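Let's take a walk through this one, from a helix to the charged pairs and on to the core. Have the viewer open as you read.

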Amino acid sequence: MKNQTKTGCAWLQKKELRKVADKKTENTNNLIQGRIIARNTILNLFGYGTPLLVALVTIPILIKGLEAERFGVLTLVWVLISYIGLFDLGLGRALIKLIAEKLGANKKDEIPTLIWTGLSIMFCTGVIVGGVTAVFLPWFVKVLLNIPLDLQKETLKAFYLIAGFVPIIVLSIALRGILEAHQRFDLTNIVRIPLGIFTFLAPVLVLPFSTSLFHIVALILTGRMLACIVQAGFCFRIVPFLGNKIAFESKMAGVLVRFGGWMTITNIISPIMIYLDRFFISGIISVSAVAYYATPSEVVTKLTLIAGAMMAVFFPTFSSVFMQDKNYAARLFAKGVKYVFMIIFPLSLLIVVLSYEGLSIWLGSEFAEKSTMVMQVLSLGVLFLCLGQVPYALIQGAGRPDITAKLHLIEIPFYIVVLFIMINWYGIKGASIAWAGRLAVDSAIMFYIAFKMLEKKNGQIIRVFVVIILTSAAYIPALIISGIFQKSLFICLFLPLYLLFVWFYILNFREKEIVHEKIIKICKHVFSGHS
């Protein structure tokens, strides 16, 4: 009887422990649902893509209204405002990771203190970065950028204004990170879309009254400040007790700074390795050769917006689940690789097949002759780049940004040597091969590290990689075939086969069910509209 009682008590204790575990993983489980991931990714794609469409309309107006030199400075303004956030010392990414970690561990009461600690450090960082930037601006404008004399005073005033707003820009990054950590991509894009549109529209609004860069920049930065205020309002709404628990904790500050320090190294080195090839081409060959290389590069690298939009969703989820349950992390990792490959691979392959025709129609046959192979090789490189973002997000979400930073520090000298040799031997084609090759090696190493961190072989991941290897063989005929008839035939045969392969081999039952529901919903909507 006593044994039965003990068994019964043990069973009840296990049941209670299971309930507690279920509650802890409830939020985590919800984070990896396909519907939520898909919704947030689509929201991010709208957020990144909509401003680009507005830019297509406004840029011709601005070129005509501001003239070439002043418009050239405006493009530098856009770059400066966009990339100055890289100098937040990685604290924005660190804040996302730690908040998501607290959410996954069900330690929500610690989040307000973490947020205020992060905001305090980031505001101080913004002040320092803004001050240092202001000191170097005269040299930057007069010497490095070689701005014409009649525009130097105006440009310097505009750039000083940006330097003064750096703390606001950095705070805005932190506030967006808080929302992303809570998976509130609906709120981040409520801000991102109008702000992106306003960034390109504001100069057009100023044109009837003034062509001064100072006035244009002032209006753009006013939009940034309003966006920052709106984001702050959202954060107070979604984080309980944020207004009541204002505190600074040195221990949390230390964790943020350590994580952010490694992130800073990655933030600085990664863009250098992505764009270093253009400077080498200019120095070794000529400036005109850069145009034949940079133009196809700008086109194919736009595919990274898709992977970037997805990984902005996956990163906080990895941060949340990795320490709690590696099974969830492995499943999410497999989903990430699968979704990125499913979307990027056919787009990359179509670019490889239609590079010559596309460039000929857009820029002429002479340009196409020189840039087609470059575009094809870069398309392969972009596939590696997009796939590599999945283990990159996992490694950093697991709290090891030092790994990616060290890897990039090791890579850069080898890449510089290979790039120099390949450009000297093969010109811009050699540059594209070196660029794609580095990304292939980088992605392979990061996948290996990610597998080691997951500490197990996940069946879904292996299945996905079998698919990647098999389907990637399609690049061979895509590179060989020529003539519009043969290419059209290849596309007509490949795409249906690929869709069937995805449906029967890649997608699981639940994903097929979701797709089926969507198709039925669309069909009902179409037919009800006709009736």
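Helices are DSSP runs (H or I, at least four residues), numbered from the N terminus.

A quick word on ground rules. This is a predicted model, with local features needing pLDDT of at least 70 and side-chain atom pairs counting only at pLDDT 80 or more, while totals for chains, interfaces and linings use all residues. Residues are numbered from 1 along each chain as its sequence is written, and side-chain values use heavy atoms, leaving out hydrogens and water.

Back at α3, 12 of the 14 residues are buried, so the helix is mostly covered; buried means under 20% relative accessible area, exposed over 50%, and partly exposed in between (1.4 Å probe, protein chains only). Among the buried ones are Leu-91, Ile-96, Ile-99 and Leu-103, along with Lys-97 and Lys-102. After α3 comes Asn-106, which has a positive phi, near 60°.

Thr-117 sits in helix α4 and counts as buried, at 0% relative accessibility. Leaving aside residues up to four places away in sequence, Thr-117 touches Ala-247, Phe-248, Glu-249, Met-252, Ala-253 and Leu-256, where contact means heavy atoms within 4.5 Å. Val-143 is also placed in α4, which covers residues 111–144, but Val-143 counts as exposed at 52% relative accessibility. Val-143 belongs to a nonpolar surface patch with Ile-128, Val-132, Val-135, Phe-136 and Trp-139, and together they have about 630 Å² of accessible area. Such areas come from the Shrake-Rupley method with a 1.4 Å probe, with only the protein chains shown counting as cover for residues. Patch members have over 30% relative accessible area and no salt bridge; nonpolar side chains (Val, Leu, Ile, Met, Phe, Trp, Tyr) are joined within 5 Å, like charges within 9 Å.

**Salt bridges**

How many salt bridges does a search of the whole structure find? It finds eight, each being a side-chain nitrogen of Lys or Arg within 4 Å of a carboxyl oxygen of Asp or Glu. Here are some of them:

| Pair | N to O distance |
|---|---|
| Arg-400 and Asp-402 | 2.8 Å |
| Lys-406 and Asp-402 | 3.6 Å |
| Arg-438 and Glu-411 | 3.0 Å |

Asp-402 turns up in two rows: it is bonded this way to Arg-400 and to Lys-406. Asp-402 counts as buried at 10% relative accessibility, whereas Arg-400 is partly exposed at 37% and Lys-406 is partly exposed at 40%. Lys-406 and Asp-402 both lie in helix α14 (residues 401–454), four residues apart, or about one turn. Arg-438 is buried at 9%, and Glu-411 is buried at 9% too. Elsewhere, salt bridges link Arg-176, Glu-180 and Arg-192 in a network.

**The nonpolar core**

The largest nonpolar core has 158 residues, and Leu-74, Ile-99, Phe-333, Phe-345 and Trp-435 touch the most other members. The biggest contribution to this core comes from α14, with 18 residues. A core is a set of buried Ala, Val, Leu, Ile, Met, Phe, Trp, Tyr and Cys residues joined through side-chain atoms within 4.5 Å. Not counting residues up to four places away in sequence, the contacts of Trp-435 include Met-273, Tyr-293, Leu-378 and Tyr-415.

Conventions:
Helix = DSSP H or I, 4+ residues; strand = E, 2+ residues; numbered from the N terminus.
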